[in-house]
Amino acid sequence: MAEDTQFKAWQVSEQDGEFRGEEVTRKVADLPEHDVLIKVHYSSLNYKDALSASGNRAVTREYPHTPGIDAFGDVVSSADDRIKVGQHVIVTGYDLGMNTDGGFGEYIRVPAAWCVPMPDGWDGLKAMTYGTAGLTAGLCVSKILMAGAKPEQGKVAVTGATGAVGSVCVELLAGLGFDVVAISGKADQQSLLNELGAQEVVGRETLTPGNRPLLKPAYANAIDTVGGAPLAELLKQIQPGGSVACCGLVAGAQLETTVLPFILRGVNLLGVDSVEIPLEDKVAVWEMLSGEWACPVTEQHRRTIGRAELAGSLSSFLKGESVGKVVLDHSL
Ligand SMILES: NC(=O)c1ccc[n+]([C@@H]2O[C@H](COP(=O)([O-])OP(=O)(O)OC[C@H]3O[C@@H](n4cnc5c(N)ncnc54)[C@H](OP(=O)(O)O)[C@@H]3O)[C@@H](O)[C@H]2O)c1
């Protein structure tokens, strides 16, 4: 493909200290020099995209920048034998959308080592319905299962339950037979959470910070997507020997806890990273999501938007108002 080929991208730039995204026309030649050029059909919206779009320098150092940590598309050219022209690929994480032009543009150019071949019989819209959030949910579930979590041990809690990661966690765990308690700040989303499979929905106030180092155990295991003070409270409510997978920081990056849940109850705190893990670990979760871990309710409630709606949808992530999965369709 000619390097002067033009394409549309949603680009964030800094103007007088304010960050603003808008549709621009870019050239393939402007993309970074990597081995695989991909025509992007779909991307997926994530909290990290909202941080990048709002000028968070811990995510994106330099602007103007095209965010989008997820992409699905067709390979247009490849200088690496592992990835063939015409192949359908998923790219999530690594540096995509952070300091490498991301999936909010119609083309990306990335290292071959970032490309996951599309699982057989799947389609791009479905893949991006999960995106990084679904991959992370799958990794969180895998972590607690590997630590020995079983449905018969008792309830499993999910925080940030209506969010992109949390909602997939609820549906995955319910599908595996767990009795899921969805912890959410959105009382009006009870019916969606029940439809996803939550047996119980409780308010965020159940994790209001208190002074007691331990509380009556309420959950056998948990997946936490919010971090901060709610995670510290959750750890106090886990049964002896239980596990908590932790992946997010929307409620804060600081974790103030005592060692008591760990040394008196043997609670396991399991960190989850979906970004820099080896490609084969990502492939394993994508295979599950495209097969026996498929989440039909998540797929049914997916919202699909065009580039013109990105600004509004991203700002709802920062306000904690986003619900479920939002896919960017470049054809809209
Ligand atoms: N480790 C990794 O590899 C990885 C990968 C993906 C995402 N993440 C992180 O996981 C987190 C969730 O991502 P996401 O894409 O699911 O975001 P999201 O869609 O915005 O979901 C976050 C949810 O958390 C709840 N929430 C928001 N603000 C809160 C607050 N101040 N206190 C308590 N709860 C709050 C809300 O759910 P309710 O209203 O239902 O409570 C919100 O919908 C983010 O921090 C993201 O950076 C990490």
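A polar contact is a pair of N or O atoms within 3.5 Å; within protein, one must be able to donate a hydrogen and the other to accept it, and residues adjacent in sequence count only if both atoms are side-chain atoms. The model is predicted, with local features needing pLDDT of at least 70 and side-chain atom pairs pLDDT 80 or more, while totals for chains, interfaces and linings use all residues. Numbering starts from 1 along each chain as its sequence is written, and side-chain values use heavy atoms, leaving out hydrogens and water.

**Exercise 1.** Find which atoms of A161, T162 and C247 lie by the ligand.

Step 1. For C247, a backbone N or O atom is 3.1 Å from a ligand nitrogen atom.
Step 2. The protein covers 88% of the 910 Å² of accessible area that the ligand has on its own (Shrake-Rupley method, 1.4 Å probe).
Step 3. T162 places a polar side-chain atom 2.8 Å from a ligand oxygen atom.
Step 4. A161 has a backbone N or O atom 3.5 Å from an oxygen atom of the ligand.

**Exercise 2.** Describe the shell around the ligand by class.

Step 1. Surrounding the ligand are 27 residues (a heavy atom within 4 Å); T162, V165, S184, G185 and S274 are the closest.
Step 2. The shell has 12 nonpolar, 12 polar and 3 charged residues, with Gly counted as polar and Cys as nonpolar.

**Exercise 3.** Work out why the ligand lies where it does relative to domain 1 and domain 2.

Step 1. Take the bounds, from an automatic or database assignment: domain 1 is 6–118 + 302–329 and domain 2 is 132–271.
Step 2. Both domains give residues to the shell, so the ligand lies between them.
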